[in-house]
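Reader: Hi! Could you walk me through this model before I start working with it?

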Amino acid sequence: EDYSKFATIVKAAAAEETSDNISKNTRAALLESARQCRHLGGVPPIGYTVNEAGLYEIDPLTAPIVRDIYTLYSSGMGYSYIKKHLREKGYKTTGGNDFSDTAIHTILTNQKYKGTYTYDRTAAKDSDGHRNSHKIKPDPIEIPDGMPAIIEPALFDKVQEKLAQNRRRTASRTGKNYASHAVRSAASLRVAKPTPWIPLRVPAGITCAIPIRTTPSFLSRLIA
């Protein structure tokens, strides 16, 4: 019985080591393919296709969508206008859906469109299985001119600056709104001044059930 338990433990340890080795070898192969600027699975970004060698090529059918989005945003148009423009032209995402704010933002921030090949930028999922797409790893693979550019680098950089300006503007408005809300909340918590009491004289011989002291509003109704 003891030997059987020992054998089970040894087999489990060997299987775990084999799994780790496979994982390391797979990751090494992926990193090597990434250094060659190859597509590593999944649906390529809109505007691109993948050739037989696994390299990106510009898709003449969908690349104009990307150019429209960058041109409109750089000229001062917001997401709502851009979405309306794309719908009117019949443009759809790779999944066949209308473009959302998130889809547009993803396109506007994807370095691939300026010709920079990227891989392994986003942090891994947390313990709950959620991934923060805004959290970037400290040492991602980024290869300038590693793939054909749909957007000129100067236009891409201009868009990034506009995005940063809008983030700062939004943060400023949020801070002001919070401060204004805090002031209103503090004002609403102030204790109201007590209503003044006015002595009420009752003629002699009259039985009165009302209080000996009353408020101005009650007195005005009583007199009326």
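Predicted model: local features only at pLDDT ≥ 70, side-chain atom pairs only at ≥ 80, totals over all residues.

Reader: Great. How many helices and strands does the protein chain have?

Author: The protein chain has six helices and six strands, in the order α-β-β-α-α-α-β-β-α-β-β-α along the sequence. Both are DSSP runs numbered from the N terminus: helices are H or I with at least four residues, strands are E with at least two.

Reader: And what share of the residues is buried?

Author: Of the 224 residues in the protein chain, 24% are buried. Buried means under 20% relative accessible area, exposed means over 50%, and partly exposed is in between, with a 1.4 Å probe and protein chains only.

Reader: Let's talk about H2. Why call it largely enclosed?

Author: Nine of the 12 residues of H2 are buried, so the rest of the structure largely encloses this helix. Those buried residues are Ala63, Ile65, Val66, Asp68, Ile69, Tyr70, Leu72, Tyr73 and Ser74.

Reader: What about its span, and what follows H2?

Author: H2 reaches 17 Å from its first C-alpha to its last, close to the 16 Å expected at 1.5 Å a residue; the expected span is 1.5 Å times one less than the number of residues. Glycine 76 follows H2, with a positive phi near 105°.

Reader: How do H2 and H3 cross?

Author: The axes of H2 (residues 63-74) and H3 (residues 79-88) come within 10 Å and cross at roughly 145°. Here axes are lines fitted to C-alpha atoms, for helices over the stretch in contact, with angles from 0 to 180 degrees between N-to-C directions.

Reader: Which residues make the contact?

Author: H2 contributes Ile65, Asp68, Ile69, Leu72 and Tyr73, while H3 contributes Tyr79, Tyr81, Ile82, His85 and Leu86. Contact means heavy atoms within 4.5 Å.

Reader: Nice. Which residues of H3 are buried?

Author: Tyr79, Ile82, Lys83, His85 and Leu86 are the buried ones in H3. Seen down the H3 axis they fall within an arc of 160°, so they line one face of the helix; the arc is that of the directions from the helix axis to the C-beta atoms. The face turned away from the buried side of H3 carries exposed Ser80 and Glu88.

Reader: Switching to H4: what is buried there?

Author: In H4 (residues 101-108), Ile104, Ile107 and Leu108 are buried. They fall within an arc of 100° seen down the axis of H4, so they line one face of that helix.

Reader: What does isoleucine 107 touch?

Author: Leaving aside neighbours within four places in sequence, isoleucine 107 is in contact with Ile46, Val66, Ile69, Tyr70, Phe99 and Tyr113. Isoleucine 107 has 6% relative accessibility.

Reader: Last topic: cysteine 37 and aspartate 145. Where do they sit?

Author: Cysteine 37 lies in the loop between H1 (2-35) and E1 (48-50), and aspartate 145 lies in the loop between E4 (141-143) and H5 (153-188). Phi of cysteine 37 is positive, near 60°, and aspartate 145 has a positive phi of about 60°.

Reader: Are they buried or exposed?

Author: Cysteine 37 is buried, with a relative accessible area of 9%, whereas aspartate 145 counts as exposed at 71% relative accessibility.

Key
Residues numbered from 1 in each chain as written. Heavy atoms only, no water.
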